[in-house]
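Here is a friendly walk through a two-chain model, written for someone who likes to know the cut-offs behind each term. Have the structure open beside you as you read.

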Amino acid sequence: MTTSVAAQAGSPVEGQLRRLVEVTVNGVHRSAEVEVRRTLADFLRHDLALTGTHVGCEHGVCGACTVLLDGLPVRSCLLFAVTVAGHAITTIEGLGLLQPDGVMKPSPVQQAFRDCHGLQCGFCTPGMLTTITAGLEANPHPTAEQAVDMIAGNLCRCTGYQNIVEAVLRAAELIDNPDAPLPDEGFDEESEDVLGSLNDSDASTKARTDARRKGEN
Amino acid sequence: MKPAPFVWYSPRTVSEAVATLATAESDGSGVKVLAGGQSLVPVLAMRLAEPGHLVDINMISGLDRIEVTVGGVRIGALVRHAELLAHAEANRVQPLLGQALVNVAHATIRNRGTTVGSLAHADPSGEMTAVLALTGGSVTAVSVRGERVIPADEFFVGPLESCLEHDELAVSAFFPASPAGSGSAFVEMARRHGDYALAGVCAVVSPSATGGPPSVRCGFLSVTETPLVVDLSEAWAACTQGNEDPVMSAVHAAIDPQDDIHATAEYRSHIAGVLTVRAIHAAFENVRPRADAGGNLGRRDGVAGPMSVVRSEQ
């Protein structure tokens, strides 16, 4: 990999300040000429008018801007649009399912958030939905503890996470069976335990969860 | 919270990249290499750094390889944390990789962040810097002047400072295989899930084949300015059941934690001592039979998968 690379003399490449960026967003070819410092988040919002991706902290902490890059969740505020040229991006706008009759239907994860009241102000929701959509593809049947781990990188300041964790589990249920009955109304003791154990042993939860997930895949 | 303007370069080969690095900085405005960007882009967004030139290596082919041999694991500069974590053979040969990687930020960050990039970032609270130091690994850097292999103990020179020259590109890192009959573990404590650790410890233990005292070595993060490796064999040998004070005292003497808004130096010191004891115990539990040492790639039957030895320590 590294041997004699320096021996093959290369020429410096030309630097750029602006560049035409072509990407596939939600299955559609899109392009715009942008400053090279344009983050993917701002590219989506300002240049492609896809404002569903939310920009919170702009330094990779909050998770609101999470999109899928070639299917994997990434922070769009930590990527430059020029770096991901040629790749496939999925945003919140691309999660809904187009029915044969032309009507858009919520994806199982979106439906689960509605069923479980998984959002209040909605600011974190696009990042939550993209993260969970990919998370459930990697691990279709998460435990409550694994559901907590799945959303650990996404901040929500409204819900206390309780209903979001329930929505992850509900989404897994809906993916298996779109007609699964709604969970019982009211307080759920199981997820209370989930959040309690998170506070006690977040590191061990994470290690165990990752270990288990690796084992399953 | 937007990066200052910079000139962006997109080389397709390592030789183009190093030629670009060598010439880009002629105006004195600074040049940085962009790989995963999970540390660099926040730094740019907060304008803690405003380099005039950014050499984006993401289009270079061949830097995304993981090469596993009996001797160890070599990873290219574009190997993402998540790819290394998922690589079964790499984690068989050096289980400490996966044991540490699950602690690196969140899964979403690991999808993009590169392991070599985190080494080049040289953050003393970085998990993989500590692992490179403890395993005695190295970083290979290339410039127009040629290639050099830099041992871990020379690579890190200060907080967020490696010995890489501005025109050098870290093209790969090498983590030696875990020694035959050894065990390892990684534990850390953070205020919030996925945050920088207040303190973290990785341990490698090797029980003596001849019945003597075991070798016990630990690497530390977030409590020193550069990754610190301490041989705790003697201190461990002085410990008795229920009394691990010798190890904790040795740790407190070796580290130099600082006060900040997250924790006092005293608290970090306390945590480091406690975590060290936990890491050592966990490492002993993870000791693999000599026949199943990392170098033995051929044997697969009846051997626990690499991730099954990841420890949870709370």
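Let's start with helix 5 of chain A, residues 162-176: its 15 residues reach 22 Å from the first C-alpha to the last, close to the 21 Å expected at 1.5 Å a residue. That expected span is 1.5 Å times one less than the number of residues in the helix. Helices here are DSSP runs of H or I with at least four residues, strands are runs of E with at least two, and both are numbered from the N terminus.

A word on conventions: this is a predicted model, in which local features need pLDDT of at least 70 and side-chain atom pairs count only at pLDDT 80 or more, while totals for chains, interfaces and linings use all residues. Residues are numbered from 1 along each chain as its sequence is written, and chains are lettered from A and ligands numbered from 1 in the order in which they are written.

A residue is buried if 20 or more other C-beta atoms lie within 10 Å of its own, exposed if 12 or fewer, and partly exposed in between, with C-beta atoms placed from the backbone. Among the buried residues of the helix are I164(A), V165(A), V168(A) and L169(A).

Which residues touch the most other members of the largest nonpolar core? They are V168(A), C202(B), A203(B) and A279(B), out of 151 residues in that core. A nonpolar core is a set of buried Ala, Val, Leu, Ile, Met, Phe, Trp, Tyr and Cys residues joined through C-beta atoms within 7 Å. Leaving aside its neighbours within four places in sequence, A279(B) is in contact with A185(B), F186(B), V187(B), V201(B), C202(B), A203(B) and C218(B). Contact means that the C-beta atoms of two residues, placed from the backbone, lie within 7 Å.

**The five-stranded sheet of chain A**

Chain A has an open sheet of five strands in the order 2-1-5-3-4, with mixed pairing. Its edges are strand 2 (28-35) and strand 4 (72-75), each pairing on one side only. From one strand to the next, the twist averages 40°. Two strands count as paired if DSSP finds at least two bridges between them.

Inside this sheet, L69(A) has I89(A) in strand 5 of chain A as its bridge partner. Helix 3 of chain A (residues 125-138) lies across strand 3, strand 4 and strand 5 of chain A, running at about 35° to strand 3. Such angles run from 0 to 180 degrees between N-to-C directions, with axes being lines fitted to C-alpha atoms, for helices over the stretch in contact.

**Chain B as a whole**

Chain B holds twelve helices and 14 strands. A compact globule of 314 residues would have a radius of gyration near 20 Å, and chain B agrees, at 20 Å. The radius is taken over C-alpha atoms, and the globule rule is 2.2 Å times the number of residues to the power 0.38. The C-alpha trace of chain B spans about 60 × 50 × 35 Å along its principal axes. Buried residues make up 58% of the chain.

**A parallel sheet and its helix**

Three strands of chain B form an open sheet in the order 1-3-2, with parallel pairing. Strand 1 (7-9) and strand 2 (31-34) of chain B are the edge strands. The twist averages 25° from one strand to the next. Helix 1 of chain B (residues 14-24) packs on this sheet, touching strand 1, strand 2 and strand 3, and its direction makes about 175° with that of strand 3.

Is helix 1 of chain B enclosed or open? Nine of its eleven residues are buried, so helix 1 of chain B is largely enclosed by the rest of the structure. Its cover also includes strand 6 (138-143) and strand 10 (169-176) of chain B.

**Strand pairs side by side**

| Strand pair | Sense | Bridges |
|---|---|---|
| Strand 3 and strand 5 of chain A | antiparallel | two bridges |
| Strand 1 and strand 3 of chain B | parallel | three bridges |
| Strand 4 and strand 5 of chain B | antiparallel | four bridges |
| Strand 13 and strand 14 of chain B | antiparallel | four bridges |

A hairpin joins strand 4 of chain B to strand 5 of chain B through two residues. Strand 13 and strand 14 of chain B form a hairpin with six residues between them, and S222(B) in that turn has a positive phi of about 70°. Strand 14 of chain B has a covered face, L228(B) and V230(B), and an uncovered one, V229(B) and D231(B).
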